[in-house]
Amino acid sequence: MEKVLLNVEGMSCGHCKQTIEGALGEIDGVCHATVDLKEKTVEINYDSSKVELIALKEVIEDQGYDVK
């Protein structure tokens, strides 16, 4: 199991939180995703044998946010 903390720009409200957590939660291999609006971070626990980090970043960017 891997754990990563990503800096994400463009998140500002509960809708942003729900959108990102929901999109990540649909990916096979993601165990848990938590958005922290104040810190502008997304913490993801995932199985690296099922999904690559680059794919997780792409999912967030596909929702309209910038991963730094």
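Several elements cover the buried residues of helix 2, among them strand 1 (2-9), helix 1, strand 2, strand 3 and strand 4 (66-67). Covering here rests on contact, meaning heavy atoms within 4.5 Å. Helices (H or I, at least four residues) and strands (E, at least two) are DSSP runs, numbered from the N terminus. This is a predicted model: local features need pLDDT of at least 70, side-chain atom pairs count only at pLDDT 80 or more, and totals for chains, interfaces and linings use all residues. Residues are numbered from 1 along each chain as its sequence is written, and side-chain values use heavy atoms, with hydrogens and water left out.

Which residues of helix 2 are buried? In helix 2 (residues 53-62), they are Leu56, Val59 and Ile60. Because they cover an arc of only 95 degrees around the axis, they sit on the same side of helix 2. The arc is that of the directions from the helix axis to the C-beta atoms. An α-helix has 3.6 residues a turn, so residues three or four places apart point the same way. Buried means under 20% relative accessible area, exposed over 50%, and partly exposed in between (1.4 Å probe, protein chains only). Just after helix 2, Gly64 has a positive phi of about 105 degrees.

Take Ile60 next. Leaving aside neighbours within four places in sequence, Ile60 is in contact with Leu6, Val8, Ile20, Leu24, Val42, Ile44, Tyr65 and Val67. The largest nonpolar core has 21 residues, and those that touch the most other members are Val8, Ile20, Leu24, Val42, Ile44 and Ile60. Strand 1, helix 1, strand 2, strand 3 and helix 2 each supply at least two residues of this core. Helix 1 gives the most, with four residues. A nonpolar core is a set of buried Ala, Val, Leu, Ile, Met, Phe, Trp, Tyr and Cys residues joined through side-chain atoms within 4.5 Å.

Four strands form an open sheet in the order 2-3-1-4, with antiparallel pairing. Strand 2 and strand 4 are the edge strands: each pairs on one side only. Two strands pair if DSSP finds at least two bridges between them. Strands of a sheet pair through backbone hydrogen bonds, either parallel or antiparallel. Strand 1 and strand 3 pair over six bridges. There, Lys3 has Asn45 of strand 3 as its bridge partner. Strand 1 and strand 4 pair over two bridges, and Val8 stands opposite Val67 in strand 4.

Helix 1 lies across strand 1, strand 2 and strand 3, and runs at about 165 degrees to strand 2. Axes are lines fitted to C-alpha atoms, for helices over the stretch in contact, and angles run from 0 to 180 degrees between N-to-C directions.

Cys16 is found in helix 1 (residues 14-25). Cys16 is buried, with a relative accessible area of 8%. Cys13 is partly exposed, at 32%. A disulfide is a pair of cysteine sulfur atoms within 2.5 Å. By this rule the count is zero. Leaving aside neighbours within four places in sequence, Cys16 is in contact with Gly10, Met11 and Tyr65. Cys16 and Tyr65 are 49 residues apart in sequence, yet 9.0 Å apart in space, C-alpha to C-alpha.

One loop remains. Lys40 lies between strand 2 (30-36) and strand 3 (41-46). Its phi is near 60 degrees, a positive value in a residue other than glycine.
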